[in-house]
Amino acid sequence: DEWCEETLERAFEATLEAQGGIAMGKLAQPVRVAVTGGAVSPGIYETLTVLGKERSVDRIAEAIHFIRHG
């Protein structure tokens, strides 16, 4: 799908549901920290859209690697 706020929102909603209906903050906040390096940013969909798919995915992958391997 296109990397835009609407498709990102649908992806987040599907992920929240797949994880048993967890709260949005349990997903959005870690993603926010991974892509921005901080706990405060504009809306998560807007932030991801502005950063672009490649940069966002790379930063999330880097954060996952850091968490797993220190």
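User: In this predicted model, is Tyr 45 buried or exposed?
Analyst: The relative accessible area of Tyr 45 is 17%. The cut-off for a buried residue is under 20%. Tyr 45 therefore counts as buried.

User: How is the aromatic pair of the structure arranged?
Analyst: The structure holds one aromatic pair. The ring centres of Phe 12 and Tyr 45 lie 5.3 Å apart, and their planes meet at 85°. Planes over 60 degrees apart fall into one class, so the pair of Phe 12 and Tyr 45 is edge-to-face.

User: How many residues apart in sequence are the parts that the pair ties together?
Analyst: Phe 12 belongs to helix H1, residues 5–18. Tyr 45 belongs to helix H3, residues 44–51. The pair therefore ties together parts whose separation in sequence is 33 residues.

User: What is the relative accessible area of Phe 12?
Analyst: Phe 12, the partner of Tyr 45 in the pair, is also a residue of helix H1. Phe 12 is buried, and its relative accessible area is 7%.

User: How far apart in space are Met 24 and Glu 13, C-alpha to C-alpha?
Analyst: Met 24 lies in helix H2, residues 24–36, and is partly exposed at 28% relative accessibility. Glu 13 is one of the residues of the negative patch. Met 24 and Glu 13 are 11 residues apart in sequence, and their C-alpha to C-alpha distance is 8.3 Å.

Terms used:
Residues are numbered from 1 along each chain as its sequence is written. This is a predicted model: local features need pLDDT of at least 70, side-chain atom pairs count only at pLDDT 80 or more; totals for chains, interfaces and linings use all residues. Side-chain values use heavy atoms; hydrogens and water are left out. Rings of Phe, Tyr and Trp (its six-membered ring) pair if their centres lie within 6.5 Å; planes under 30 degrees apart count as stacked, over 60 as edge-to-face and the rest as tilted. Helices (H or I, at least four residues) and strands (E, at least two) are DSSP runs, numbered from the N terminus. Buried means under 20% relative accessible area, exposed over 50%, partly exposed in between (1.4 Å probe, protein chains only). Patches are made of residues with over 30% relative accessible area and no salt bridge: like charges are joined within 9 Å, nonpolar side chains (Val, Leu, Ile, Met, Phe, Trp, Tyr) within 5 Å. Accessible areas come from the Shrake-Rupley method with a 1.4 Å probe; for residues, only the protein chains shown count as cover. A salt bridge is a side-chain nitrogen of Lys or Arg within 4 Å of a carboxyl oxygen of Asp or Glu. Lys and Arg count as positive and Asp and Glu as negative; His and the chain ends are not counted. The place of a charge is taken as NZ of Lys, CZ of Arg, CG of Asp or CD of Glu.
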